[in-house]
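Student: Please work through this model with me one question at a time, giving the cut-offs behind each term as it comes up.

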Amino acid sequence: MTNNDSLRPYRISVPQPEIDDLRERLTRTRWTSDLPGTGWERGVPAAYLRELAAYWATGYDWRAHEAALNAYPQFVTTIDGAQLHFLHVRSAEPGATPLLLLHGWPGSIVEFTGLIGPLTDPAAHGGDPADAFHLVIPSLPGYGFSGPLTGTGWTDGRTAAALVELMDRLGYQRYGVQGGDVGAFIAPLMARAVPGRIIGVHVNALVTFPTGDPAVMAALTEADRARLAAMQQWQERSGAYMQLQGTRPQTIAHALTDSPAGLLAWIVEKFQDWTDPAAKLPEDAVDRDTILTDVSIYWFTGTAGSAAHTYYERFNDPAMWVPRDRGTVPTGVAVFTTDVTIRPFADKLHNVVHWSEFDRGGHFAALEAPDLLAADVRDFFRPLD
């Protein structure tokens, strides 16, 4: 850690009355019922949610998971008027590469806990010490322990600028960035802002959009066309959360901040819909306690609404839709089972030098297939300086 008095040590400590309140609210949930013969295709089934909420109230141990997170060095700092929380885990390897890991929605720092050991200490996990990384893992502005935003205007570009400032405060002049989902929007923006500072950008769950070039569209492979169709189907059948958060975030904020059962349904639906199709239930893809730790962070920090507002900023950000020149920083793209990333579209915007496709793991790759993601990150950054 660099000597910078704007960086303050942080420790997660949820007051016991808040834990008691969560459990009490869960026991008083007013439940709905399913229509006969329906299942996950209409949302989270009532019986599933009731059972999971009961476990959250009586079986899940927040204190144990809080302690596990507190085992990592954490800090907060104020950048551009907002608090920014982050883990900072340095490798014992002197030549380790600094790497920023960026979560998405409905994720949090919990996404990356399974990567910390393999990336900071590869030798202890069957890897080469030369592949070690110093890790900086922030809670994105408006998410988790970075706390609810107190003002508007937190676009992806503003977040990218704040993260560049964070790495500057930490004394990292050259570093890599890895991100999925929202993180896959922000990481390339950082590379565009300070291309000389960033060694490379590695992304998963990258959303790519048609270029409008008839020649590119005509040259799409059968697999590309299947992904494009899957993306269109996703927008029609699974994109309601995005439309709501992007257009009326304050309305859903009231519901998600008042009802833990509602918040649980809002998030756990994504762990069912977006994970590896081989997993029938969310906990078949991601450990149940890990899902509940993620949801608990949104609950205890009151940031479900704040995170929703960042979608509104994205929807209403003119810079989001302005045509851009192709990025210059080397970019690696990992494509997991539920990703709809299309290479010709990605090549149009990014300097893609590394492309990997996997038959295991879905949208939450860091949680579902940390071994594959860690290996791909190492493979991508190894030849870069």
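**Ring pairs and salt bridges**

Student: Are Trp105 and Tyr241 buried or exposed?
Tutor: This is a predicted model, in which local features need pLDDT of at least 70 and side-chain atom pairs count only at pLDDT 80 or more, while totals for chains, interfaces and linings use all residues. Residues are numbered from 1 along each chain as its sequence is written, and side-chain values use heavy atoms, leaving out hydrogens and water. On a scale where buried means under 20% relative accessible area, exposed over 50% and partly exposed in between (1.4 Å probe, protein chains only), both Trp105 and Tyr241 are buried.

Student: How are the rings of Trp105 and Tyr241 arranged?
Tutor: The structure holds 18 aromatic pairs, that is, rings of Phe, Tyr and Trp (its six-membered ring) with centres within 6.5 Å, where planes under 30 degrees apart count as stacked, over 60 as edge-to-face and the rest as tilted. For Trp105 and Tyr241 the centres are 5.0 Å apart and the planes at 5°, so the pair is stacked.

Student: How many residues apart in the chain are Trp105 and Tyr241?
Tutor: Helices (H or I, at least four residues) and strands (E, at least two) are DSSP runs, numbered from the N terminus. Trp105 is in the loop between strand E4 (97-102) and helix H4 (113-120), whereas Tyr241 belongs to helix H9 (residues 240-247). The pair thus links distant parts of the chain, and the separation is 136 residues.

Student: What kind of pair do Tyr143 and Tyr298 make?
Tutor: Tyr143 and Tyr298 are both buried. Their ring centres lie 6.3 Å apart and their planes stand at 70°, so the pair is edge-to-face.

Student: Which residue has its charged end over the ring of Tyr311?
Tutor: Tyr311 belongs to a cluster linked by ring pairs, together with Trp105, Trp234, Tyr241, Phe271, Trp274 and Phe364. A charge sits over a ring if NZ of Lys or CZ of Arg is within 6 Å of the ring centre and within 35 degrees of the ring normal. At 4.9 Å from the centre of the Tyr311 ring, the charged end placed in this way is that of Arg314.

Student: What distance separates the end C-alpha atoms of H5?
Tutor: The expected span of a helix is 1.5 Å times one less than its number of residues. The 14 residues of H5 should therefore span 20 Å, and this agrees with the separation of the end C-alpha atoms, which is 20 Å.

Student: Which residue forms a salt bridge with Arg158?
Tutor: A salt bridge here is a side-chain nitrogen of Lys or Arg within 4 Å of a carboxyl oxygen of Asp or Glu, and the closest N and O atoms of this pair are 2.6 Å apart. Arg158 lies in helix H5 and its partner in the loop between strand E2 (74-79) and strand E3 (82-89), so the bridge ties together parts that are 78 residues apart in sequence. Arg158 counts as partly exposed at 25% relative accessibility, and the partner, at 45%, counts as partly exposed too; that partner is Asp80.

Student: What is the relative accessible area of Arg169?
Tutor: Arg169 meets Glu165 in a salt bridge (2.8 Å, N to O), and being four residues apart in helix H5, the two are separated by about one helical turn. Glu165 counts as partly exposed at 30% relative accessibility, whereas Arg169 is buried, with a relative accessible area of 18%.
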